[in-house]
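Here is a short briefing on one protein model. Please keep the sequence and the structure open while reading.

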Amino acid sequence: MASFVIEGGHKLHGEIIPQGAKNEVLEVICATLLTDEEVIISNIPNILDVNNLIQLLRDMGVKVKKQNADTYAFRADAVNFDYLESDDFLARCSRLRGSVMLVGPLVARFGRAVISKPGGDKIGRRRLDTHFLGIQKLGADFQYDNQRGTFRILAKRLKGTYMLLDEASVTGTANIVMAAVLAEGKTTIYNAACEPYIQQLCRMLNRMGAHIEGIASNLLTIEGVKTLKGCTHRVLPDMIEVGSFIGMAAMTGSEITIKNVSYENLGIIPDSFRRLGIRLEQQGDDIFIPQQEHYEIESFIDGSIMTIADAPWPGLTPDLLSVMLVVATQAKGSVLIHQKMFESRLFFVDKLIDMGAQIILCDPHRAVVIGHDRTFRLRGGNMTSPDIRAGIALLIAALDAEGISRIHNIEQIDRGYQYIEQRLSALGARITRIE
């Protein structure tokens, strides 16, 4: 198990470019199964989850060619269904949450799919009901094998229908959309997720010949087509990396520029950091964060304590609450962080408390942070990363902490952030990977 050793207290300076969006990449790679023609995808990040999915498609029989450092060509003209029944395939699916999005394309194009219950971050219960209920409404039959822990999905021909999703699940919406584009007739999806990831997937599918209307809204209308063709697609910059770098600059009192962020697709992320008192400037499609020794959390108009909560898009993405919580520990003022969507994502705060942070964990969903206003720094600590987003939050804390910190189980961080120690070292961080 690899670890990071971080010497805290060093200012960062320079420019950094965010990687391609992990959440979008997992969707659009699965969508390549919808056609037997070549699909070329660029700005693919070199991270563990994405690499595992690409290798899984190779083993399924998809022809994958790496054209350059971040561009791949996919051609799914000879899928090996014998492999899809194998224990190796099912075991690998169970370790990769994004594998659940193979179901929609496989059932839509081939009429069948087998999948094991996916794993992923240990951030609480992440049910699959939205995925399965939506695809069932399109006419698929689900069978669960309790002994093997697998789902078998069969459908001779999917048929369009109206559905109201029980939650605005991003991956659930993606799965249903990918199934519906080849279904017979019209599908209407209400309460659909409308994150930029979904918008990008829908635009890519339309370039492949799909007929999707309502993109960027929570009401999607899809007219099914018989076949799809190939296309080229470029992945957006990762908004979670952008937010992580904003938090890093503020926490360490550093001046950095984040390049090519696709500002129009960041939603309320910049304003959410401004509510913590962080100054940032849009410069074209870049974000400049000036050096700040102090930043003060805003209060609501009536003077009550600021609450920052996650919500489905266009609300604040839950993936940045861990970062914002850490940044608040060195702010002036107090804030209530309300993590509504996952019940275990705040359980890393005990590690911050050990480092000297003043945090009250109210329950699995809420934490009150009393900012230090830099009256004293966090202490370096020895900790283990429980998931991707908590891992990057702990790394941000360590970069500003006094002394040496060690973060173990950094494979979790590798799942979401490519070459992170090299990229931060280029900005002046003192961080070493120990295998």
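**Salt bridges**

Lys11 and Glu293 form a salt bridge, with the closest N and O atoms 3.1 Å apart. Lys11 sits in the loop between β1 (3-7) and β2 (13-16), and Glu293 in the loop between β16 (286-289) and β17, so the pair ties together parts that are 282 residues apart in sequence. The model is a predicted one. A search of the whole structure finds 19 salt bridges.

- Lys11 is partly exposed, at 42% relative accessibility.
- Glu293 also counts as partly exposed, with a relative accessible area of 38%.
- Asp286 forms a salt bridge with Lys259; the closest N and O atoms are 2.8 Å apart.
- This pair links distant parts of the chain, 27 residues apart: Asp286 is in strand β16, and Lys259 is in the loop between β14 (255-258) and α10 (269-275).
- Asp286 is buried, at 11% relative accessibility.
- Lys259 is partly exposed, at 22%.
- Salt bridges also link Lys22, Asp49 and Arg415 in a network.

- Arg92 forms a salt bridge with Asp88, and their closest N and O atoms are 3.2 Å apart.
- Both Arg92 and Asp88 belong to helix α4. They are 4 residues apart, about one turn of the helix.
- An α-helix has 3.6 residues a turn, so residues three or four places apart point the same way.
- Which partner is buried? Arg92 is, with a relative accessible area of 18%.
- The cut-off for buried is under 20%, so Asp88, at 41%, counts as partly exposed instead.
- Helix α4 covers residues 87-94 and lies across β6 and β8. The helix runs at about 60 degrees to β6.

**The sheet β6-β8-β7**

- This open sheet has 3 strands, in the order β6-β8-β7, and the pairing is antiparallel.
- Its edge strands are β6 (112-116) and β7 (141-145), and each pairs on one side only.
- On average, neighbouring strands of this sheet are turned by 15 degrees against each other, direction ignored.
- How many bridges join β7 to β8? There are 5, and β8 spans residues 150-154.
- Tyr144 stands opposite Phe151, a residue of β8.
- Strands of a sheet pair through backbone hydrogen bonds, either parallel or antiparallel.

**Helix α1**

- Helix α1 runs over residues 22-31. Of its 10 residues, 9 are buried, so the helix is largely enclosed by the rest of the structure.
- The buried residues in α1 are Lys22, Glu24, Val25, Leu26, Glu27, Val28, Ile29, Cys30 and Ala31.

- Tyr162, Leu164, Tyr190 and Leu219 make a nonpolar surface patch of about 400 Å².
- Tyr190, one of the patch residues, is found in strand β10 (residues 186-190).
- Buried or partly exposed: which is Tyr190? Tyr190 is partly exposed, because its relative accessible area is 38% and buried means under 20%.

**Backbone details**

- Asn191 has phi near 65 degrees, a positive value in a residue other than glycine.
- Asn191 lies in the loop between β10 and α8 (196-207). Its relative accessible area is 24%, which makes Asn191 partly exposed.
- Ala216 is another residue other than glycine with a positive phi, near 85 degrees.
- The place of Ala216 is the loop between β11 (211-213) and β12 (219-223). Ala216 counts as partly exposed, at 44% relative accessibility.
- Where is the loop that holds Pro314? The loop lies between β17 (306-309) and α11 (321-328).
- The peptide bond from Trp313 to Pro314 is cis, with omega near 15 degrees.

Terms used. Residues are numbered from 1 along each chain as its sequence is written. This is a predicted model: local features need pLDDT of at least 70, side-chain atom pairs count only at pLDDT 80 or more; totals for chains, interfaces and linings use all residues. Side-chain values use heavy atoms; hydrogens and water are left out. Two strands pair if DSSP finds at least two bridges between them. Helices (H or I, at least four residues) and strands (E, at least two) are DSSP runs, numbered from the N terminus. Axes are lines fitted to C-alpha atoms, for helices over the stretch in contact, and angles run from 0 to 180 degrees between N-to-C directions. Contact means heavy atoms within 4.5 Å. Patches are made of residues with over 30% relative accessible area and no salt bridge: like charges are joined within 9 Å, nonpolar side chains (Val, Leu, Ile, Met, Phe, Trp, Tyr) within 5 Å. Accessible areas come from the Shrake-Rupley method with a 1.4 Å probe; for residues, only the protein chains shown count as cover. A salt bridge is a side-chain nitrogen of Lys or Arg within 4 Å of a carboxyl oxygen of Asp or Glu. Buried means under 20% relative accessible area, exposed over 50%, partly exposed in between (1.4 Å probe, protein chains only).
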